[in-house]
Each structure stands twice: as structure tokens, then as C-alpha cells.
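Biologist: Can you put the structure up? I'd like to go through the fold with you.

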Amino acid sequence: MQYCKKVTLRTRPVKNGMLSYYLDYYPGYRDTVTMKTIRRESLGIYIYADPQNKREKTFNKSMTEKAEAIRCRRFESVINERYEFFDKSKMNSDFLAYFKRVLQDKDPKWKFVYEHFEYFVGGKCRCDEVDFDLCNKFRDYLLTAKNMRNGKPMFINSVAGYWSTFRGFLNLAFRDKMIRTNPNDYLEKIPTVPVNKESLSLEELRTLYHTPCDIDVLKRASIFACLTGMRRSDIINLRWEQIKTYADGGRYVEFYAQKTKARNIIPISEEAYKLISEGRTSIHGQVFEGFEIVMAQKPLKAWLKKAGITKRITFHMARMDSRTFWGCFNCANIGSVINKFKLHVDVTYAVQQIHIVVNLPNMLDVEPFVRCNVADNEAVAGWPIEDFAFLVKVILHVISRQSLFKAIAHFVAIEVEHG
């Protein structure tokens, strides 16, 4: 239905015998944030309700001309469907309140960035104050800021991550028309530095497995993450309904990764299933009920220390470290390893994690976590074509970047026996 758009100049009485000019819009404008329809706009222009002399009449005439000029500009904008003038209320709104509202659906890092920005601006910041200079000064602040929890200097890669998150937030603010311009076009990135990430050796993982943990769900989640390569966010959200059964009786996990939103299917052995199901009275709801992000911090460090491991190991590195992709590698189970590598978005990053141990014996002095029950040629014949494509893609990627000798060092030669 078409409306005849109108912008009418009106007055309303205020105190001290004055009148206030305002604009009346028809049919109005709906605010995309509050979803309220805006019908009136106060101009902040006042005239005498009953002018008593020539000076007051001249003043009224001048103010009325200004109000009419604004009405004409607003009417032209409305006809051309340009409603930017309504956003001036957003420009004066609380930028920190908007930031806090946005981070509710984000990961914990957004909260840390918010806390640093709130401290930087002294707890007050309007949307119209956010410009290149303010953002660039916040960048300088982050480079020298300390961790708000322990007071220690932050590692440069953490600073770079915080800065990247803040720049992403600026994009959202610009999209929502909370800021007039997007400073990202002029802000420089904070470069990261290569890190030598420590990892567990086979003996250390075996020791850790046999070391009692004060929080049982932490131990089960950590070992299961090592066996499947699943991220912490996916481990927390894993439900029993996502653990399904193959036609031959084997089990697998089917889920959509929180980070990539991609569908993943990861086979799990009976031993891995026993690890998570032993002692449970119900197989409904969350698999690792009670497991929280905070457990992957100090409790994990305490468990590692109890096991005599002094390396700096995080839950993230433990689950994706290439040396946790252990098992008796042959054609029958390499498909499950491919699935672990496919959790990564970028093949280049997956290549960095590859470190295959061939014909490794029982890794934790218990029944093997990865077990082959079929002939090698049958296993290869059952591989999905996308697994073959992925493996070839990774191999070609490594060969294209390194010598053939180095490429062979990264991969296991797959030998299939026929007949």
C-alpha cells in the first residue's frame, strides 16, 4: 500500500510562554534497533507564544524560517528514502552499552576486549566519539596493557587477537549505523609472531592417562578430545543424540562444528565409547555434563603438574596436536585420521599438524583406541570419495611447497595388499 509522505511543521507549548517547533512525519520511520515507529522530531527551536514587541516578532520570524528550512530538507530526504538524520539519536547513545549487548552471543574473548575498552575510555563512551583517533589510541593501549586477571604483560599474539576482535566489532557497529564511519579502513593490524607450541610425547600422554584427576569429567573430555580432535566448544556441546551407530555396529560422532559451522563425521572406537559411557545411568542430554570452559584453565594445569608434566599445554593444543593422532596406522583406520584433519578450515594449517607414527603399539597400556576389524583392501574400498580427494589435496599441497623428500617425511606410504 502506497502512502502520501508528509512532513509537517508544528508547535507545542512549553514553559515560560514559549512554543517549541517539531516535525510531524507521516507515515513515520521504524527504528531497526528498537523496532519503534518514529513520528516526531524535536528541532530545538523556540519562539514566543505571544510576541509583545518588534524584537520578539523579528526573532519569531527568523526562527520560523530556520525551522521551515529544516522541514524542507527533511521532506526531500524522506521522499528519497534517506533516513540518516534519524540516526543522530544513535550517535549520542552509549557505545559501551551497545558493545555489551553485542558480546552476549559471542565467545569469552569478546568480554575480555570489552573490559579493556571500558577501562581505556574510563567507563564512558558515546557512539559519536568513536573515530580513527580513539581506535588508534586503543591499539596503542593494548600493546602495553596487562592481563586484568593476573597483572602480567599480555603476549603479543593475544594482543593481536583482541585487536582483531575489536576491529570485527567496529564492522558490526558500522553495519548497525551506530558509528558514522568505519575506522577499519585506516587502522593497521597488529602482527603476530611464530610460536613454538609444545606438545605431549607418547610417554607423557600415557602418564597423564594413568594420573588421577580431581575432576573426572575433565579427564574424560580431554582424552576424548585427543582421540577425536574435537574442539573444546564442540566437546562442551556434544550430546548423546550425536553419537550414532553404523550398520556394522561401529559408532561415530556426527555434529556441526561451532567454529566452522561445517558438518563432521568422526568414527570412534568401542574403547573411546566406553571411556565416555562407563558409569553412566543415562545416555541422554550432554555427554560431558558439568564440563565448563574454566576447567580447561587452572584445573587442567593442576592435573598436568600432578602428572609431572612441566610443558605449557592447553586444552586446545592437546586436542589438535598431531602427536595425539595416534594409533596403529594402516589403511583401515587412516580414514578416521583424515576426518580429524578435515576439522580444519585451511589445508595449510592441517598440514602443519601432521605427524604420523606408524605401527604404534598399544598407546595407553589398555585395549587399542583405534582397532581394525576388517581387511585393508575392504577398508580402502569403503572410503568416501571426498576422503580420497582431501588426502590427495593435502599431499599435493605439501609436495608443491617442499621437496619430495620432506613430503615423504610427513606422510605414511599406504600399501594395499591385493588378493
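Predicted model: local features only at pLDDT ≥ 70, side-chain atom pairs only at ≥ 80, totals over all residues.

Biologist: Fine. In what order do the three strands of the open sheet come?

Modeller: The order is β4-β5-β6, with antiparallel pairing. The edge strands are β4 (243–245) and β6 (263–268), each pairing on one side only. From one strand to the next, the twist averages 30°.

Biologist: What packs on the sheet?

Modeller: Helix α10, residues 270–277, packs on the sheet and touches β4, β5 and β6. The direction of α10 makes about 100° with that of β6.

Biologist: How many bridges between β4 and β5?

Modeller: Three bridges, with β5 covering residues 251–256. Lys244 has Tyr252 in β5 as its bridge partner.

Biologist: And how many join β5 to β6?

Modeller: Six bridges, and these strands run antiparallel. Val253 is paired with Ile266 in β6 as its bridge partner.

Biologist: Which residue takes a positive phi in the hairpin of β5 and β6?

Modeller: Lys261, with a phi near 65°. The hairpin has six residues between the strands.

Biologist: Which residues of β6 are on the covered face, and which on the uncovered one?

Modeller: Asn264, Ile266 and Ile268 are on the covered face. Arg263, Ile265 and Pro267 make up the uncovered face. In a regular strand, side chains alternate between the two faces of the sheet.

Biologist: Moving on to the largest nonpolar core. Which residues touch the most other members?

Modeller: Phe224, Phe288 and Phe291 do, in a core of 40 residues. At least two core residues each come from α7 (202–210), α8 (216–228), α9 (232–237), β5, β6, α10 and α11 (298–306). The largest share, eight residues, is supplied by α8.

Biologist: What does Phe288 touch?

Modeller: Leaving out residues up to four places away in sequence, Phe288 touches Val217, Arg220, Ala221, Phe224, Ile235, Leu238 and Ile276.

Biologist: What about the second core, which residues does that include?

Modeller: Among its 34 residues are Cys125, Ala173, Ile179 and Ile190, and this core is separate.

Biologist: Helix pairs next. At what angle do α8 and α11 pack?

Modeller: About 80°, with the axes 11 Å apart. The two helices are therefore roughly perpendicular to each other. On α8 the contact is made by Leu218, Lys219 and Ser222, and on α11 by Pro299, Leu300 and Trp303.

Biologist: And where do α4 and α5 stand, at what angle do they cross?

Modeller: Helix α4 (residues 108–120) and helix α5 (residues 132–144) cross at roughly 110°, and their axes come within 11 Å. That makes α4 and α5 roughly perpendicular to each other too.

Biologist: Is that crossing left-handed or right-handed?

Modeller: The crossing of α4 and α5 is right-handed. Contact residues on α4 are Val113, His116, Phe117, Tyr119 and Phe120. Those on α5 are Leu134, Lys137, Phe138, Tyr141 and Leu142.

Biologist: Last one. Where does Ile283 lie?

Modeller: Ile283 is in the loop between α10 and α11.

Biologist: Which residues does Ile283 touch?

Modeller: Trp240 and Tyr273, not counting residues up to four places away in sequence. The C-alpha atoms of Ile283 and Ile243 are separated by 9.9 Å, with the two residues 40 apart along the chain.

Methods. Residues numbered from 1 in each chain as written. Heavy atoms only, no water. Pairing = 2+ DSSP bridges. Helix = DSSP H or I, 4+ residues; strand = E, 2+ residues; numbered from the N terminus. Axes fitted to C-alpha atoms, helices over the stretch in contact; angles between N-to-C directions. Contact = heavy atoms within 4.5 Å. Core = buried A, V, L, I, M, F, W, Y, C linked by side-chain atoms within 4.5 Å. Buried < 20%, exposed > 50% of the residue type's maximum accessible area, 1.4 Å probe, protein only. Parallel < 35°, antiparallel > 145°, perpendicular 65-115°, else oblique. Left-handed = near helix turned anticlockwise from the far one by under 90°.
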